[in-house]
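Please look over the sequence and the structure shown below before reading on. The report that follows takes up a few places in turn.

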Amino acid sequence: MFKKVNPRQNFVEAEHRHLKRWYEKGIIKKYLKKNKNAKKRFAFLDGPITANNSMGVHHAWGRTLKDLFQKFKTMQGFAQRYQNGFDNQGLWVEVEVEKKKGFKTKKDIEKYGIDKFVEECKKHTLHFADIQTEQSKRLGYFMDWGNSYYTMSDENNYTIWHFLKTCHEKGWLYKGHDVVPWCPRCGTAISQHEILTEEYKELTHKSVYVRLPIKNRKNEYLLIWTTTPWTLTSNVAVAVNPELNYVKVKQNDNIYYLLEKAVSCLEGEYKIERKLKGKELIGLEYKGLFDDLPEVREKRPKHIVIVWDEISEEEGTGLVHIAPGCGEEDFQLSKEHNLVAIAPIDEEGKFVKGFGSLSGKKAGDVPEEIFAKLKQGGFLYKVQDYTHQYPTCWRCKSELLFRLVDEWYISMDKPDKVDKKDPRTLRKKMISVAKKIKWHPSFGLDRELDWLTNMHDWLISKKRYWGLALPIFECSCGNFETVGSKEELKEKAVEGWEEFAGHSPHRPWIDKVKIKCSKCGKTISRIPDVGNPWLDAGIVSFSTLVDPKTKKVSYMEDKKYWKEWFPADLVLECFPGQFKNWFYSLIAMSTVLENTNPFKALLGHNTVFDECGEEMHKSKGNAIWFDDAAEKMGVDIMRWMYCRHNPTINLNFGYGPANEIRRQFFSTLWNTYSFFVMYANANNYKPKKGNLKKKNLLDKWIVSELHNLVREVTENLERYKPDGAARIVEEFVDNLSNWYVRRSRRRFWRSESKTDTKEALDTLYSVLLTLSKIIAPFMPFVSEEIYLNLTLGEKKDNTASIHLEDFPKPNKGLIDGKLNTQMNSVREIASKVLSERAEKGIKVRQPLSGFKVKGNISDKLLVILKDETNVKKIELQGVRSAKEAVYIEGSLDTKITPKLEQEGLLREFVRQIQSCRKEAGYNVDDIVSLDFVVSKKDKLLKEALNKFEKELKKELLVKNLGKEKQDVKYDVGKELDFKGKGKVWIGIKKV
Ligand SMILES: [Zn+2]
Ligand SMILES: [Zn+2]
């Protein structure tokens, strides 16, 4: 006997029950070991989740897909590593700890103590790693949770050292003096990789038009425009495009030069005196705006008009203010034109000494003061609000400034000094490597190549505390050294090793260690910078492959174990952003170390939005927490939502879509299974293996569809198309419930023969069992529930689980493509006929005489089609050799003869008694006695009931049929209404 199935099962409760059993009874351990000794391997490389917060529903999408493919490959018999990763280091963690401690600036951290701060960061991230682990378990994600990797581990940090040393040897590591995006709150450079499109916010700033007096020309001015007034303090030049059209304009007694297209910015009346090309202005000198500031006086800028071909006519005056200490492009131009660079702001974005009353003030706070000074000097033309897209810090959302600083870079464009066979630049090598990867979606390659082609050198340093300690030791003689391992550091240490020993390679302990400069012999210190966090995540295809025998990073030793798992077969991550970040750093590090691809295939998925397609935000109140979603909708439903969705499109997540899935798919599946168990138990059915040969056409067909399903799901999953696989399953479940079971219903309880019932149960049993295995990687809980009951019934066995089973293999011999196509066309015809009935308001229960079909349908299929459409006859016309048959629109004969009407009434009567049986709580096989009384005046009804007495008894399991109300207590006694066709009183009672 199977366990009784509750049609209104509490699925969330069941999920907790299975979860408990899996972990307590060692199912997970068995799962992880299932293919330990298998020859075939599936190397999945997990992208580390930032352990800085609880897991969100957006993480659950990726994690569901990761689990889907790993479970699928496990069922297929592949050995795997099941290693989850946590990302622990970097600014994101620092910012959270700063918030917790109420710190405002870096000074607060230093006052508190870097050692204590770093320990807090470690604690913080481990805390969230634990929470994320528990949440992932709840999701039904099976990983080797005790063996997760952490990017803050010694293994990870030291392997990055090795990478950086290799970069140095190749001639790619260098210190650059450059203008970089800078967060004044975090006090650090923000690399180009970190400024994603979403970091640009629409902001309104005060923009200013400034007139620069041309030297030796009385009352003639260059009109410039800027949105960052603070940078005017550091202006050294004005650039023009030599080919664009400019004008000389007279306004009052003054002459202005500006772009012809820009004249509308002039206030009041003006007269164009002359048109000219930009090149006529080149070389003009002008009077500086802030020449009296000490810092400017010292630098003595020339204030000259220079050429710049990049100037467009789209905004501004065509005369571009150049401040090489405050802008990336400005700085590039300064190198070409030999201009001085004035760097006005410090780490916190405040004016440094030498800027008069501005010194000590924040760059963002001074516009009004600047305007006043300009006005005083006679430079101000006008001030205007300006709304534009402006970059902000990805971590703290402060507006970024541009600052001239020394940072460390990995060069993209210098030749490889070491690899004689392939001396190409890192950029060129990475482009070749990226092309070796199979990108899903395929536009992923274009995105990656676009980035690789256009990106600057990789800025890897950050002036912060919690992160990879860059192993760079710099000497005042101009030399710098990199250390490639802990052992090497110990060997080279001349000071501070004892203080460091026993600590992780983090600040402040690592900073104690000093080495000797190999050029001049001076004792030198590590630069205080930490690394870009994408170094941490990028190294994992090397650092996480720790040989279980030696417990050491295999890549740094004999590489044997590493070779078994590198390159990964699959990485899977949310793609927006990662082309510049994780995908980039993985490829960069693998290219530097091995000049090859770190993974073979990549599946990217898009972003989670709310169900209206809006971005989810805590502040908007539309965010859904993972824990809430798990307990309200159940994770099987959540997982199905992720799996069935096209990964390239944003997913609208919410309870509405979850209910849709429950209604359309999940309940259909559950009801079919519940139906099976009910009739299997009623028939005392015991499953028997083997005998795949089916006699009944519907059995043959559903088995054929099942094996086709196995084949197609396998193909889709092997091609990393989760949505393709899930949609085919949905179609199958619809076929199973709304066609196979519906058309076979009678076979399960009132069949002509016991054998036929047995065959129908056999078929449905094997279909459900196979189906449960197919959906196991998608919906681990409900599949387990179904599987355990189908295989164990009321027995208990704590060693059994569907997740220890193999994935079904298709039996191609059982796939009958022709039958599948024909059945499909029969379903299509049926649905057309039924909708024509609905349009004309004729119930399906009312038999009709027939309709016409063009094409050929076998006799057996005709019977099915007649049953489904409830007609007496189907006329086949113009028999064609084609496989498909089509309904001839409008050919349904809707005339209802008295005979047909009586049959209809009988069916209606049967339906109503069935629902009385349900109301009385009878089992499907309970025998009853039925009494009914029908008034003489309802002649047609009375006749019908008399005429079909035999059918009635059989259909409704009636032993005694009476035509009078008796003096007994009926289980149900009531009047049935036949809407205009009369009324019948009935009473039923169990025998
Ligand atoms: Zn910031
Ligand atoms: Zn030196």
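## Terms and basis

Contact means that heavy atoms lie within 4.5 Å. This is a predicted model, in which local features need pLDDT of at least 70 and side-chain atom pairs count only at pLDDT 80 or more, while totals for chains, interfaces and linings use all residues. Residues are numbered from 1 along each chain as its sequence is written, ligands are numbered from 1 in the order in which they are written, and side-chain values use heavy atoms, with hydrogens and water left out.

Leaving aside neighbours within four places in sequence, Leu834 is in contact with Val844, Glu868 and Thr869. Leu834 belongs to helix H26 (residues 817-840), where helices are DSSP runs (H or I, at least four residues) numbered from the N terminus. Although Leu834 and Val844 are ten residues apart in sequence, their C-alpha atoms are 7.3 Å apart in space. With a relative accessible area of 23%, Leu834 is partly exposed, a term for values between buried (under 20%) and exposed (over 50%), found with a 1.4 Å probe on protein chains only.

Asp699, in helix H22 (residues 697-718), is buried, with a relative accessible area of 0%. Not counting residues up to four places away in sequence, Asp699 touches Lys694, Tyr740, Arg747, Glu759, Ala760 and Thr763.

## The zinc site

Which residues are the protein donors of the zinc ion (ligand 2)? They are Cys475, Cys477, Cys517 and Cys520, each through its SG atom, lying 2.2 to 2.3 Å from the ion. Donors are N, O and S atoms within 2.8 Å of the metal (3.2 Å for Na, K and Ca), and sites may look incomplete because water is not among the atoms. In sequence, these donor residues follow the spacing C-x1-C-x39-C-x2-C.

The angles among the four donor atoms are 101 to 118°, and the site is tetrahedral, a term used for four donors if all angles lie between 85 and 135 degrees. Cys517 is buried, with a relative accessible area of 3%, whereas Cys520, at 39%, is partly exposed.

## Helices H1 and H25

Helix H1 (residues 11-24) packs with helix H25 (residues 780-792) at an angle of about 80°, their axes being 9 Å apart. Axes are lines fitted to C-alpha atoms, for helices over the stretch in contact, and angles run from 0 to 180 degrees between N-to-C directions. H1 and H25 are therefore roughly perpendicular to each other, a description kept for angles of 65 to 115 degrees.

Conventions: Tetrahedral: all angles 85-135°; square planar, octahedral: opposite > 155°, others 65-115°. Helix = DSSP H or I, 4+ residues; strand = E, 2+ residues; numbered from the N terminus. Parallel < 35°, antiparallel > 145°, perpendicular 65-115°, else oblique.
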